[in-house]
Amino acid sequence: MSYTSKLPASWNDDRPTRKVEIDLSSPGLAVFELERLLFTGKAIISHADEVWPRLYVGDQHSAENHADLSMHQITHILNAAHSQHRGQPEIYEAMRITYMGIEAHDSCEFDMSVNFQAAADFIHRALSRGGKVLVHCHVGVSRSATLVLAYLMLKHNLTLVEAICVVKDNRGVIPNRGFLRQLIKLDGQLFGKHL
């Protein structure tokens, strides 16, 4: 399959069309191939990166840095590592930032897919109203990236490979293997193949 960016032209004029072929019909092999694709991503050099217009993936530090949140005009935060110790929504009230917390573990056994739709709806509502969204977890490479990939698939009709290509060009991410399997399953459900 040939991947042509679906980002708005003004946002990625310099992105060339490239051919990326990954057969997702064999989940074990597909996970390995997706990891190889992910390893070609941009190195992480900042706490948060814009991976889609007005949509950022970041780490815990990016969510706690009030100056950066103000500078980037973040209006919504989705914390994919919410717990009693991380993610008190009241700290964002004074900044008028809408908060959503998901208690997720970065474990291959954790079922992140139960959060795909709610997270995608939260992100989509915010962006469709002109907001800016930071999706973060502890390091900003697995849980947060998984939810953003699912959002791009559910709300922008991108295949998993297309979504990975968009995100990895802007931030180095590597969802764990369990999350990749769940995203492969979502791809099959959405595009009717390799179930």
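Helix H6 is followed by Asn157, whose phi is positive, near 60°. The model is a predicted one: local features require pLDDT of at least 70, side-chain atom pairs count only at pLDDT 80 or more, and totals for chains, interfaces and linings use all residues. Residues are numbered from 1 along each chain as its sequence is written, and side-chain values use heavy atoms, with hydrogens and water left out.

Helix H6 covers residues 143-156. Helices here are DSSP runs of H or I with at least four residues, strands are runs of E with at least two, and both are numbered from the N terminus. The expected span of a helix is 1.5 Å times one less than its number of residues. For the 14 residues of H6 this gives 20 Å, and the end C-alpha atoms are 20 Å apart, which agrees. H6 is largely enclosed by the rest of the structure, because 11 of its 14 residues are buried. Buried means under 20% relative accessible area, exposed means over 50%, and partly exposed lies in between (1.4 Å probe, protein chains only). The buried residues of H6 include Arg143, Ser144, Thr146, Tyr151, Leu152 and Met153.

Glu162 lies in helix H7 (residues 160-168). Glu162 counts as buried because its relative accessible area is 8%.

Glu35 is found in H1, which spans residues 27-38. Glu35 counts as buried, at 10% relative accessibility. Leaving aside residues up to four places away in sequence, Glu35 touches Ile174, Arg177 and Leu180. Contact means heavy atoms within 4.5 Å.

Five strands form an open sheet with mixed pairing, in the order E3-E4-E7-E5-E6. Strands E3 (48-52) and E6 (98-101) stand at the edges, each with a single partner strand, so one side of each is left without a neighbour in the sheet. On average, neighbouring strands are turned by 20° against each other, direction ignored. Two strands pair if DSSP finds at least two bridges between them. Strand E5 (residues 76-79) and strand E7 (residues 133-136) pair in the parallel sense over four bridges. Leu78 stands opposite Val135 in E7. Helix H5 (residues 116-128) packs on the sheet and touches strands E4 (55-58), E5, E6 and E7. The direction of H5 makes about 165° with that of E5. Axes are lines fitted to C-alpha atoms, for helices over the stretch in contact, and angles run from 0 to 180 degrees between N-to-C directions.

A search of the whole structure finds one aromatic pair. Tyr92 and Tyr99 form this pair, which is stacked, with 5.7 Å centre to centre and 15° between the planes. Rings of Phe, Tyr and Trp (its six-membered ring) pair if their centres lie within 6.5 Å; planes under 30 degrees apart count as stacked, over 60 as edge-to-face and the rest as tilted. Tyr92 is buried at a relative accessible area of 3%. Tyr99 also counts as buried, at 16%.

The protein chain comes to eight helices and seven strands. Buried residues make up 50% of its 195 residues. Among contacts between residues at least 6 apart in sequence, 70% join residues at least 24 apart.
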